[in-house]
Amino acid sequence: MVKREKIAPSFQVPDDIEIDILSRLSVKSLLRFKCVKKSWRNFIEDPVFIAMHLDYYGKSSVGFLLYGSRPYKYIKQYLNCSSIDVSMSIKILFGESPGYMIGSINGLVCLSNNLYFFLKEDKRLSIYICNPSTREILELPECHHAYNDFVLSIGFGFCPKFNDYKVVVVKLLDSVVNVRDPNCCLFSLGVEVYSWNRNSWRSTKIVNPRSVLTTSFQGKGYFNGAFHWGGRDLKSSKRMIMSFQFDEEVFRELNLPNHPDFQEENYFLNALIIEYQNFFSLIIKQKVNMHVYDLWVMKEYGVSDSWIKQLTIEVPVLEDRLMFRPVMSFENNGELLVLSDWYGRIVWYNTKTKQIERSKEVLRGRSIRYKESLVSLSRKKVV
């Protein structure tokens, strides 16, 4: 009598365990695993899973994106001191235009073909949202504008209240000389707000604003539901931080720390917005010692008196004695400070080990904080 071999019973991994394991893997791995079986594909494309993955894996994949322009335009992701395989050519988007990275939230990145320019018939504004991890790119509808409007600034962020991604474009409109004071011009700001949920733009106009945006900071422009720029009061010339609140779609003013380093004309060139221990924070190079950086923390967001100097970071002076400017700070609450020298070369400084390391990468334009995500740009519900 022939003995039959016993077949071991198959073991089925419970769905909740599978989901938990998958939520801790990289985007690159998950995109491959979508082909393994249908249930995994359904998990990975589900908005609830995408939010879970953003929470679990996203926290460990925080790095920054660097915009390069030689030999071609591209964006590259850095995690710690290493470039990882998330590099994406954007030459086809911008052509001969310089191209700008505006900001990033939940793994999505906002790009524009130009900034600080007059709109003309042959010179239009093109804005894109992309996910470098999934290689998805979406071109937004053209916003409302008149020729000769000057594009002053662009911001990008997320509105938790309405679960909506938004883009704000600030333009300088017509200006005329004040007949009562010939040294003073009257002008208006045009504000265009794009909503992902509506897939359309909404226009507003601010006549004779009391303050105006002056520049974009390096680092993390988006924080606490708002995008931030440098600003100035038009009457007193007082320097400040201007924020655009995405839920109410209004501008607000934030005072800078009361310190001489923030009163310099071009202080923003040496200043960096970061999120330190969940607080809105600024790193700025000292005026008196160009190799020393101060970290200022706003303990209560929006309250001017809550600014405190949290710590001071001294960077070693290298043999060539080149000066640096802050570019990014991340990894364990500011432990790793990213700088660039006068030639744009990236320099890493570990504030804990006091080690400094140079990279061959050259920074061209802005760098932004970034983390991987599966957030899709298809017209489905997003997270």
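Glycine 302 is partly exposed, with a relative accessible area of 40%. This glycine is found in the loop between strand E21 (292–298) and strand E22 (307–314). Phenylalanine 280 lies 22 residues from glycine 302 in sequence, and the two are 9.3 Å apart in space, C-alpha to C-alpha. The model is predicted. It describes a protein with five helices and 27 strands.

**Overall picture**

- The protein has 383 residues, and 51% of them count as buried.
- Its accessible surface comes to about 19,600 Å². Carbon and sulfur atoms hold 51% of that surface.
- Take the contacts in the protein with a separation of 6 or more: residues 24 or more positions apart account for 51% of them.

**A four-stranded sheet**

- Strands E4, E5, E7 and E8 form an open sheet, in the order E4-E5-E7-E8. The pairing is antiparallel.
- Strand E4 (100–105) and strand E8 (136–139) are the edge strands, and each pairs on one side only.
- From one strand to the next, the twist averages 20°.
- E4 is joined to strand E5 (residues 108–112) by five bridges, and the two run antiparallel.
- Within this pair, methionine 101 stands opposite leucine 111 in E5.
- E4 and E5 form a hairpin with two residues between them. In the turn, asparagine 106 has a positive phi of about 55°.
- Is E4 enclosed or open to the outside? Five of its six residues are buried, so E4 is largely enclosed by the rest of the structure.

**Nonpolar cores**

- The largest nonpolar core has 52 residues. Leu125, Ile127, Ile154, Phe156 and Val167 touch the most other members.
- Strand E9 (residues 150–159) gives the most to this core, with seven residues.
- A second, separate core has 14 residues. Among them are Ala271, Trp296, Met298 and Trp307.

**Two helices in contact**

- Two packed helices are described by the angle between their axes and the distance between the axes.
- The axes of helix H1 (residues 15–22) and helix H4 (residues 47–56) come within 9 Å. They cross at roughly 50°.
- On the H1 side, the contact is made by Ile19, Asp20 and Leu22. On the H4 side, Phe49, Met52, His53 and Tyr56 take part.

**Positive phi in loops**

- Most residues other than glycine have a negative phi. The residues below have a positive one.
- Serine 237 has a positive phi of about 65°, although it is not a glycine. Serine 237 lies in the loop between strand E16 (226–233) and strand E17 (239–245).
- Is serine 237 buried, partly exposed or exposed? It is partly exposed, with a relative accessible area of 38%.
- Asparagine 278 is not a glycine either, yet its phi is positive, at about 70°. Its place is the loop between strand E19 (271–276) and strand E20 (279–285).
- Asparagine 278 counts as exposed, because its relative accessibility is 63% and the cut-off for exposed is over 50%.

Notes: Residues numbered from 1 in each chain as written. Predicted model: local features only at pLDDT ≥ 70, side-chain atom pairs only at ≥ 80, totals over all residues. Heavy atoms only, no water. Pairing = 2+ DSSP bridges. Axes fitted to C-alpha atoms, helices over the stretch in contact; angles between N-to-C directions. Core = buried A, V, L, I, M, F, W, Y, C linked by side-chain atoms within 4.5 Å. Buried < 20%, exposed > 50% of the residue type's maximum accessible area, 1.4 Å probe, protein only. Contact = heavy atoms within 4.5 Å. Areas by Shrake-Rupley, 256 points an atom, 1.4 Å probe, with all protein chains shown as cover.
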